[in-house]
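Here's a quick briefing to read alongside the model. Have the sequence and the 3D view open as you go.

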Amino acid sequence: MDGFHFFSEFAELSAQDQDLIQLARKASNSSYSPYSQFMVGASARLDDGRIISGSNQENASYPAGLCAERVALFHIASSYPDRSVDSIAVVARRANDTKFKPVSPCGICRQVMLEVELKQNKPMRVILQSADGRWVVSESAQHLLPFSFGQDSL
Ligand code: THU
């Protein structure tokens, strides 16, 4: 799979990527997920080294809720519009479990990640854990959304 790097052990990841994952794990604590009990954390490293995190925020009107990745990315776009995002890590766990489980960004978040890349004209690395437990680093959000819809399609 071109554009993806796989790591069987957490310790094999770079120190920077490990740090980002740990911060995403911390961010999952602020998840507001009374409906799904699924706590997601996302942390993004900006080009100036700053790290911005987000967690999923749900609502009694279910579609009004927002995924952790978009909370973090929209926060970055609105508060640091001149910065670019180098990497984003996403993790999840069930509310009654301290152990983290593999999670992969939903389709809408992938679409938003793609727009971030187009806007900054630079790839954004995406760090996640695949279903088989391996860590995956995608060199670009683009690889997560083949045959995508973008501004060129309009
Ligand atoms: N969720 C995320 O925050 N990110 C994802 O990539 C997958 C799903 C959230 C949305 C909802 O609050 C809960 O997880 C269950 O879908």
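This is a predicted model: local features need pLDDT of at least 70, side-chain atom pairs count only at pLDDT 80 or more; totals for chains, interfaces and linings use all residues.

Residues are numbered from 1 along each chain as its sequence is written, and side-chain values use heavy atoms, with hydrogens and water left out.

- Helices (H or I, at least four residues) and strands (E, at least two) are DSSP runs, numbered from the N terminus, and two strands pair if DSSP finds at least two bridges between them.
- Strands of a sheet pair through backbone hydrogen bonds, either parallel or antiparallel.
- β2 (residues 38–46) is antiparallel to β3, with 5 bridges between them; R45 has I51 of β3 as its bridge partner.
- β2 also pairs with β4, again in the antiparallel sense, over 9 bridges. There, L46 is bridged to V85 of β4.
- β4 and β5 run parallel and are joined by 3 bridges, with A89 partnered by I127 of β5.
- β4 is largely enclosed by the rest of the structure, because 8 of its 10 residues are buried. Buried means under 20% relative accessible area, exposed over 50%, partly exposed in between (1.4 Å probe, protein chains only).

- The buried residues in α1 include D17, Q18, L20, I21, A24 and A27, and their cover includes β2, β3, β4, β5 and β6. Contact means heavy atoms within 4.5 Å.
- With 13 residues, α1 reaches 18 Å from its first C-alpha to its last, close to the 18 Å expected at 1.5 Å a residue. The expected span of a helix is 1.5 Å times one less than its number of residues.
- Within α2, A68, E69, R70, A72, L73 and I76 are buried, and what covers them includes β2, β3, β4 and α3 (107–120).

**Helix α3**

- The end C-alpha atoms of α3 are 20 Å apart, which agrees with the 20 Å that its 14 residues should span at 1.5 Å a residue.
- C109, R110, V112, M113, L114, V116, E117 and Q120 are the buried residues of α3. Their cover includes α2, β4 and β5.

- S87 is found in strand β4 and counts as buried because its relative accessible area is 4%.
- The side chains of S87 and R125 are joined by a polar contact of 2.8 Å. A polar contact is a pair of N or O atoms within 3.5 Å; within protein, one must be able to donate a hydrogen and the other to accept it, and residues adjacent in sequence count only if both atoms are side-chain atoms.
- Leaving aside neighbours within four places in sequence, S87 is in contact with L20, S43, A44, R45, M124, R125 and I127.

**The ligand site**

- Around the ligand are S36, F38, V40, N56, E58, C67, A68, E69, S104, P105 and C106; to be near a molecule, a residue needs one of its heavy atoms within 4 Å of it.
- A polar side-chain atom of N56 lies 2.9 Å from a ligand oxygen atom, and one of E58 lies 2.5 Å from a ligand oxygen atom.
- A polar backbone atom of A68 is 2.9 Å from an oxygen atom of the ligand.

- E9 is in the loop between β1 and α1 and counts as partly exposed, at 48% relative accessibility.
- E9 and W135 are 126 residues apart along the chain, yet their C-alpha atoms are separated by 7.2 Å.
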